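Trainee: I would like to learn how to read aromatic pairs and nonpolar cores. Please take me through an example.

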Amino acid sequence: MINDKKAISSLITNNFLGEALNCHFYINKKNPKIKHYLFTIGKLKIENIKYLKSYKNIIHIPTESLFTKNEYEDLVRRYTPLELSCALRATCHRYIFEKTSIQQWLMIDTDIVIMGSLDEIFNEFMNYQIFLISHNSNPSNEIDIIRNGELNFLKYGLYNGGVLGFKRGESSHKAILWLENRLLNFSENSGRRLLDNIK
């Protein structure tokens, strides 16, 4: 029986379908009862959509279904595929929060390999509504490590967006809505575009 309380989600552009299925394969080996929400950017071929339906644990959600046609076209016009992959993350979390009964979920990038049970992670944040992983938990006193590592974290973020979890609650819902507003409006990766106000 599929677990209706916990889930995994991933967000991919359509050309990363193979990586997503590989990631799912590893997740499913040790977590065979967990749902996997697979959000996709870009139209999938009909045969790939049919293929996804053969996986009992995968729920495929095209991201264009989460917006009006005009809203989605505006996002596609403003962002590159990589930027769009960042911009839509919180919208995927909002979908799970508002459109499903899932109680706890993790969004995992598809370049991450899960080799064991996820129960330990889910149990770890059972009493919390937000699960984050820092890029580094061991500060260094060596100047090269600080310059090349820790200072970059300040630019790109202290936390690793490749694994992010939420547990249903008022605080997590507020965090998801705040994050969605930030990501939909500020996901430009190009400093030059931002400076020149190119849309």
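Mentor: Start with contact, which here means heavy atoms within 4.5 Å. Keep in mind that this is a predicted model. Leaving aside residues up to four places away in sequence, Trp105 touches Ala7, His93, Ile96, Phe97, Phe122, Phe125, Leu164, Gly165, Phe166, Arg168 and Ile176.

Trainee: How is a pair of aromatic rings described?

Mentor: By the distance of the centres and the angle of the planes. The whole structure holds eight aromatic pairs. One of them joins Phe97 and Trp105, with 6.3 Å centre to centre and 75 degrees between the planes. Planes over 60 degrees apart count as edge-to-face, so this pair is edge-to-face.

Trainee: Does Phe97 count as buried or exposed?

Mentor: Buried means under 20% relative accessible area. Phe97 has 13% relative accessibility, so Phe97 counts as buried. Trp105, at 0%, counts as buried too. The ring of Phe97 also has the charged end of Arg168 sitting over it, 4.7 Å from the ring centre.

Trainee: Which residues touch the most other members of the largest nonpolar core?

Mentor: The general idea is that nonpolar side chains tend to be buried together in soluble globular proteins. Here the largest nonpolar core has 24 residues, and Phe39, Leu88 and Trp105 touch the most other members. Elements that each supply at least two residues of this core include strand E1 (3-13), helix H5 (89-99), strand E4 (104-108) and helix H8 (170-185). Another core, of twelve residues, lies apart from it; among them are Ile27, Ile34, Phe122 and Phe131.

Terms used. Residues are numbered from 1 along each chain as its sequence is written. This is a predicted model: local features need pLDDT of at least 70, side-chain atom pairs count only at pLDDT 80 or more; totals for chains, interfaces and linings use all residues. Side-chain values use heavy atoms; hydrogens and water are left out. Rings of Phe, Tyr and Trp (its six-membered ring) pair if their centres lie within 6.5 Å; planes under 30 degrees apart count as stacked, over 60 as edge-to-face and the rest as tilted. Buried means under 20% relative accessible area, exposed over 50%, partly exposed in between (1.4 Å probe, protein chains only). A charge sits over a ring if NZ of Lys or CZ of Arg is within 6 Å of the ring centre and within 35 degrees of the ring normal. A nonpolar core is a set of buried Ala, Val, Leu, Ile, Met, Phe, Trp, Tyr and Cys residues joined through side-chain atoms within 4.5 Å. Helices (H or I, at least four residues) and strands (E, at least two) are DSSP runs, numbered from the N terminus.
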